Structure formats: structure tokens, C-alpha cells
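User: Please take a close look at the salt bridges here, and explain the terms as you go.

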Amino acid sequence: MTITPRSLVAAVAAGLMITSAALVAPPQQLPQAAAAPVSDPALAKKLTTLMKDSRITKGKTAVAVLDAATGSELYQRKGSQATIPASNTKIVTAAAAMHTLGPDYRFQTQVIKRAKVTGSTLNGRLYLKGYGDPTARQSDYASLAKQVRAAGIKTVTGKLVVDATYFDSVRYNPAWRTSYADAYYAAPISALTLAPNADYDSGTVIITYRAGAVGKKAKITTTPAAAKSYLSIKNLTKTGAKGSSWTVGVGRSYGSGTITVRGRVPSGGSGSALISVNRPDLYAAAIFRAELKKAGVSVKGGTTVLATPDGKRTVLATDHSMRLKDLLVPFMKLSNNMHAEALTKAMGAKRSGAVGTWTNGLAATRAYLTLRKVPMTGVSLSDGSGLTRANTLTPRALGTLLVAVQSEPWFPAFKASLPVAGNTNRMVGGTLRYRMNGTRAENNAWAKTGSLTGVTALSGYVKGRDGHLYVFSMLSNYTQSSPRPVEDKLVVTLAGWRR
């Protein structure tokens, strides 16, 4: 796992934007000599031949290739076919979020008081209010705790109140399958949450197991360590003889707060798993409580879940996330589902002026697509990440959007967030870092991947050998062999194309 501090992610993002802007200018800045013709019959013929591959003909594949400068469609194969896009959904979510929230948008988390302070004692409750930050880490809650102490408070007589009402209480998308509810990529979405790692996998905890004495249980620890005060962990492990086989499994049932670790750990062995938690808000509160104690602030009451009452209030502490244009880097490079859903609900809250929901957030996404004149036939959205199979998009819709966003002032940041083919730097190449290496597409194609069982997708930009910039989108739903190698051939063909 690559460890990248929040500040370094922002710096990397800034560097990527400069590189992206230098390599590919928006269409209005392209020199006149690079203007594309309306069509390219030779290219269309080449791609038609490529799509005769049996991995394409035996499945459900839709493709569109457009000229980035003019929007002219150079090739299409079932371009308006509604197809499950997997994480290509994140393209529309990222673009809509940049438009709706703005590239400088920052999530925030606040600590609020309403009661009076006598000396160093707060005579009442302390409120922890979240606004959906999917990048909040233990260090951020430590900062909030230190700010509370710096405000002169040493004792809180009342309870710690957890306020996650900026988003609704539907934390698990109804279109997601419950069979993967414990997976790190399907964590519940809450306005108050915490990520245990530098990938910002919010709503998850790292469970580490180490062998004990032979015949005894393995030792279980968590990251963050204070998570154990909230979590219920059932240890059903056993330490086996040295060299014995591993049979460890770590899981959590849908709706359950208990994480079970079972199986055999060979003597001397250790391992870890990233597992979602059931209540991210209470998880975050447990970590904040621990940080308050470290900072010298004692909370006498327990923890309760309530909305912060209206009326007089004082903000004691505030934490801000990185800017959205920087957050796009871990979001898109690493295809983080929780970032997509937090952004979707944040858009919903801004659009409605009320609680953030999937319904009003997806309405904001559709509104942006309509604004950019994206053809909506075949477009259906149930989440912002593409984890559900209920979503459908078309290559024509994605291609149209990818052409249109080039005129947005935030386009360099958007493009820089896309994985770069063949670049083995994880925070540059992302999910494309081991694809198209050693070809003309290496460091020359910027695209979002998509993958589910029986689904593969790739949409983005590539510069041809002749200097023209192409937009492509290929969405495949299949039951036999994956067409992913053909995706790569499509991009490499465009990268090597000379008119």
C-alpha cells in the first residue's frame, strides 16, 4: 500500500495539472493546423476490423470515437446502446461535482458548543458535526481535539453528540448487493466518517492478526488502535504449526456491527484486512473521543446521535479537506467508490438546500449532463460510483461529455485526475499503470477504467501520432472472455494513428 499524506496528494495533483495542461490544450487553444476533418474513413475501417474480434462479437460491446477538437464522431459501434459502465460512472460524477460544488470546494468537520463555559468546564454537550468528508483521518480528529483544548476546555459535563444529518440516514445504497457489504469498496456512506489509510478508504478499519502460541488464538489489533473501543470483534482464530496453511477469513454481515476473524494463522505469520464498519459516524466519534483524551479534554457523558439544535452555537474547531480539484486525484486514480458517493450526496445537499441524498445528488448529475447537451437516451443512474449494475451509460453520452468538459475552466484538473496508461507511479498511472506499457499509448492516454464481474470499460483521451487528440469510450458487458485486451488495442491504435 502506498502511503501518501493528504498534503502530498494535493502537491501531486498540482503537478499533474501542470503536466496535463502542457501536454493537451483545450480545443480552443489548439493551433488551426491541428483541426480535424469531419470524418476519417480509413480509421473507421481499421477500427471496424479490430471489433471483429470474437471477444467483441460474442458479447455486448459499444464503442464511440470522437475528434476532441470538433466533437465529430469518427467511429461508432452501437454507440447509443445502454451498457453497464461500472466505474466509468465516476466520469460523470467527477464532472458534475466540479460544476456543482466547484473545484475549490472543501468538505468540513466541526466541533460545536451551545452551553456556557465556566473556567475550563463546558457545562453541557459537545457536538461533532460532519459534512461528508471522505478523506478525514485520525490526524484530522486529533487536530479538532487540540483546537477544543486550545479554546480553554478541559472538561465536558455532558455527552458527545454525533451529528451526521448533513446526509440522510440511508448509508448503504439500495441498489448495492448485501453480499459485499463488508468489502472496503462498499463502505456505508455517512456525513461523518473516517479513513484509516492514505488511500482515503473512508468507513473502513484495518484488522491485523498475528500468530500467538501454537494452538492459541491469534492476536488482533486495529488501525486506528482506538477503533477497538467501538468495534465488536469476534476472534475465532487458531495458531497453527509453522509452515501450516493459511485459512484466515475476515468478514462482517450486512447490518452487523460485529467483525469476525476466523481460521488458522501459521506460527510466526501475520496478515491484515481492510473491512467496512457498520456505523461510520460512531466509529469517527470513538476516534475523536480518544483524541480528546490525548489532548487533555475529559468528556463525562456517553455518546449519542442527534442533530445539532438550531439557535445560538459556537464553532470551537473546524477541519477542512483538500480542495475538490486535488481530491479528484485519489478519487479517480484509485477509483474510490466512497469518494464518488460522498460527492454525490454533497451535490444533493447543495442542490436541494436540504439533506444530501442519492436521489437529489443524482438529479444534480443528470442536470449537468443535460446542460452539456449529453444525449440521455440509455442513461440511468442509481449511484455515483458504478458499483451497482443498475446504472447504464452509452459511449455516445460519455464521448459527448468528454468533448464538452474541455471548455470548462477546471478541465486541466479533471484530465489530470484520470489514470495515465503505462505510468507505473501509482498516483499517476492509477488503475492503468500496468496497461499499454511500452506502446505509443504509454504516458499518452488518460482514461477511466471500469470493472465488475462480466463488465469492463475504458473511456478517455489519447493523442494520435499525427498530434490530433481523440476521445474514446468502450463499454463491454460479457459472459465469456473479457474484451479488455481489445480496449487496449483500440487506444494503442488511436495513439499510433497518422492521417
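This is a predicted model: local features need pLDDT of at least 70, side-chain atom pairs count only at pLDDT 80 or more; totals for chains, interfaces and linings use all residues.

Analyst: A salt bridge is a side-chain nitrogen of Lys or Arg within 4 Å of a carboxyl oxygen of Asp or Glu. Residues are numbered from 1 along each chain as its sequence is written, and side-chain values use heavy atoms, with hydrogens and water left out.

The whole structure holds 16 salt bridges. One of them joins Arg-323 to Asp-104, at 3.8 Å from N to O. Because Arg-323 lies in the loop between strand 17 (314-320) and helix 7 (324-333), while Asp-104 lies in the loop between helix 4 (89-100) and strand 3 (108-113), the pair ties together parts that are 219 residues apart in sequence. Here helices (H or I, at least four residues) and strands (E, at least two) are DSSP runs, numbered from the N terminus. Arg-323 is partly exposed, at 27% relative accessible area, and Asp-104 is also partly exposed, at 48%; buried means under 20%, exposed over 50%, and partly exposed in between (1.4 Å probe, protein chains only).

Another salt bridge pairs Arg-499 with Asp-67, whose closest N and O atoms are 3.4 Å apart. Arg-499 follows helix 13 (484-495) and Asp-67 belongs to strand 1 (residues 60-67), so this pair connects parts 432 residues apart in sequence. Arg-499 is partly exposed at 34%, whereas Asp-67 is buried at 1%. Both residues belong to a network of salt bridges that links Asp-40, Asp-67, Asp-466 and Arg-499.
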